[in-house]
Amino acid sequence: EATSLIGHILSDPWARELEFGRSSVLNLPVQTAVKTGTSTDYRDAWAVGYNHRYVVGVWMGNADYTPTDGITGSTGPALALRSLFNEVN
């Protein structure tokens, strides 16, 4: 029951609107739960999403642990995640 509730929250475009805006890159055509993250000092960023058919995870960072150029989970990995979901759906 709890996991179902979390999935609904993470896939609700209205719940994401305050953080990501009305035209968010996370608004996918198929209901998809997405969580993003960004480490301290922008060392890396990630996005993980799932829907009724697929699970996709995207990580971006530098292998030598140097900071990225300000990439956040919602500006880098989320774009790649959206592209991947658009291809498989």
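**View 1. The largest pocket of the predicted model and its volume.** The largest pocket has a volume of about 160 Å³, the space filled by probe spheres set on grid points joined across faces, edges and corners. A pocket here is an open set of points on a 1 Å grid over the protein atoms alone, where a 1.4 Å probe fits, with protein on both sides within 12 Å along at least five of seven lines. The model is predicted: local features need pLDDT of at least 70, side-chain atom pairs count only at pLDDT 80 or more, and totals for chains, interfaces and linings use all residues. Residues are numbered from 1 along each chain as its sequence is written, and side-chain values use heavy atoms, with hydrogens and water left out.

**View 2. Lining of the largest pocket.** Lining residues (an atom within 4 Å of a point) are Ile9, Leu10, Ala15, Arg16, Glu19, Phe20, Leu26, Val34, Lys35 and Thr36. Helices (H or I, at least four residues) and strands (E, at least two) are DSSP runs numbered from the N terminus. By class, the lining holds six nonpolar, one polar and three charged residues.

**View 3. A nonpolar surface patch.** Trp46, Val48, Tyr50, Val55 and Trp59 together present about 520 Å² of accessible area (Shrake-Rupley method, 1.4 Å probe). Patch residues have over 30% relative accessible area and no salt bridge, and nonpolar side chains are joined within 5 Å. Strand β2 supplies the largest share, three residues.

Key: Nonpolar A, V, L, I, M, F, W, Y, C, P; charged D, E, K, R; others polar. Patch = residues over 30% accessible without salt bridge, like charges linked within 9 Å, V, L, I, M, F, W, Y side chains within 5 Å. Salt bridge = Lys/Arg side-chain N within 4 Å of Asp/Glu carboxyl O.
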